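Welcome, and thanks for taking a look at this structure with me. Please have the sequence and the 3D view open side by side as you read.

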Amino acid sequence: MEKIQHSEVEVKGLKLHVAEIGTGSKAVLFLHGFPEIWYTWRHQMIAVANAGYRAIAFDFRGYGLSQQPAEPEKETMFDLVHEIVGLLDALNITKAFLVGKDFGAMPGHLTTAVHPERVAGIISLGIPFMLPGPSVVESHLLLPKGFYITRWREPGRAEADFGRFPVKSVIRNIYILFSRSEVPIAADDQEIMDLFDPSTPLPPWFSEEDLATYASLYEKSGFRYALQVPYRSINVDVGLSDVKVTIPSLLIVGEKDYVFKFPGMEDYIRSGAVKNFVPDLEITYIPEGSHFVHEQMPEKVNQLIIEFLDKLSL
């Protein structure tokens, strides 16, 4: 960990916090989800660097130590596509591998579809190719009104819910809820934070030190941007149709990931329907894998990532 170098890189007028390790000629850019940050990729960064790659993870705009845009409420997933390409430009990287987890897979797939010349291969954890817009809500997010995404999309509601607790407690609560295999759904008289039982310990793969690192970064950024991108902008049409990801792709699915239980999600993946959009797709299932499979089983995930990268050439 002490060999990971940190810097500020200006992209599209915002200073982004960037972490790097490794000096290989082939770059791997890691894209975090929520409630994560660059640090979520610590195990993978070290492993791919040791395998001869240049590993780069960063805090998306509005997250952690990266600057906030002037008007977060106007942002969409497509702003992160511009950011990914802009970061590659700023780092003088012509072509890279992308690894996206949770919502980070969505701008990763969009970047790959719109700028295929910049991406040598893409790996996604938990989230298959999905085009942001009304159809993703209709296909996979029609759940009871207490569904956490529905609640967090409601202006002001998550802010009031989260505001009852210190940032560290909010991260702890969400991390534990998301580690389970059940979809987080609150009753009418509950908020999402009320689903958390304070006696529940952190998962064995996530230490108090890890939690403190996550929390320190969200104490800096707050949750304003995270609630906008992905949650409050996920139904915004990005203006694309007939989109395909034609480059080699790997989807790693933890079968205990609650996202796998979203309406239609398991069938979309297992039936091969996702390959209508990503024809050159390998799918690997990890039976006991959770939403945080890369932290839960880092050696297994690292092996899958490195084997995939080694098969491809830039």
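1. A word on the source and the overall make-up. What you see is a predicted model. The protein chain contains 12 helices and 8 strands, and its C-alpha trace spans about 55 × 45 × 40 Å along the principal axes.

2. Next, the overall fold. A compact globule of 314 residues would have a radius of gyration near 20 Å, and the 18 Å of the protein chain agrees with that. Of these 314 residues, 58% count as buried. If you look at contacts between residues at least 6 apart in sequence, 78% of them join residues at least 24 apart.

3. The crossing of H1 past H12 is right-handed. On the H1 side, His43, Gln44, Ala47 and Val48 take part, and they meet Pro298, Val301, Asn302, Ile305, Ile306 and Leu309 of H12. Sorted by class, this contact has 7 nonpolar and 3 polar residues, with no charged ones.

4. Now turn to helix H2 (residues 77–90) and H3, which pack at an angle of about 65° with their axes 9 Å apart. Here too H2 passes H3 in a right-handed crossing. From H2 come Met77, Phe78, Leu80, Val81, Ile84 and Val85, while H3 brings Met106, Pro107, Gly108, Leu110, Thr111 and Val114. The contact of H2 with H3 divides into 10 nonpolar, 2 polar and no charged residues.

5. Is Thr111 buried or exposed? Thr111 has a relative accessible area of 0%, so it is buried. Leaving aside residues up to four places away in sequence, Thr111 touches Val81, Ile84, Val85, Leu98, Pro116 and Val119. Val81, Ile84 and Val85 are among the H2 residues in the contact with H3.

6. Helix H7 (residues 167–179) and helix H8 (residues 208–221) make another pair to inspect. Their axes come within 9 Å and cross at roughly 120°, which means that H7 is oblique to H8. The crossing of H7 and H8 is right-handed. Val167, Lys168, Ile171, Arg172 and Tyr175 of H7 meet Glu208, Leu211, Ala212, Tyr214, Ala215, Tyr218 and Glu219 of H8. By class, the contact of H7 with H8 holds 8 nonpolar, no polar and 4 charged residues.

7. Finally, please find Tyr231, in the loop between helix H9 (224–228) and strand S7 (249–254). Although placed in a loop, Tyr231 is buried, because its relative accessible area is 5% and buried means under 20%. Which residues does Tyr231 touch, not counting those up to four places away in sequence? They are Phe34, Tyr148, Ile149, Trp152, Arg153, Phe178 and Ala226. Trp152 is worth a look on screen: Tyr231 and Trp152 are 79 residues apart in sequence, and their C-alpha atoms are 6.6 Å apart in space.

Terms used: Residues are numbered from 1 along each chain as its sequence is written. This is a predicted model: local features need pLDDT of at least 70, side-chain atom pairs count only at pLDDT 80 or more; totals for chains, interfaces and linings use all residues. Side-chain values use heavy atoms; hydrogens and water are left out. A crossing is left-handed if the near helix is turned anticlockwise from the far one by less than a right angle, and right-handed if clockwise. Helices (H or I, at least four residues) and strands (E, at least two) are DSSP runs, numbered from the N terminus. Contact means heavy atoms within 4.5 Å. Ala, Val, Leu, Ile, Met, Phe, Trp, Tyr, Cys and Pro count as nonpolar, Asp, Glu, Lys and Arg as charged, and the others, Gly among them, as polar. Buried means under 20% relative accessible area, exposed over 50%, partly exposed in between (1.4 Å probe, protein chains only). Axes are lines fitted to C-alpha atoms, for helices over the stretch in contact, and angles run from 0 to 180 degrees between N-to-C directions. Angles under 35 degrees count as roughly parallel, over 145 as roughly antiparallel, 65 to 115 as roughly perpendicular and the rest as oblique. The radius of gyration is taken over C-alpha atoms; the globule rule is 2.2 Å times the number of residues to the power 0.38.
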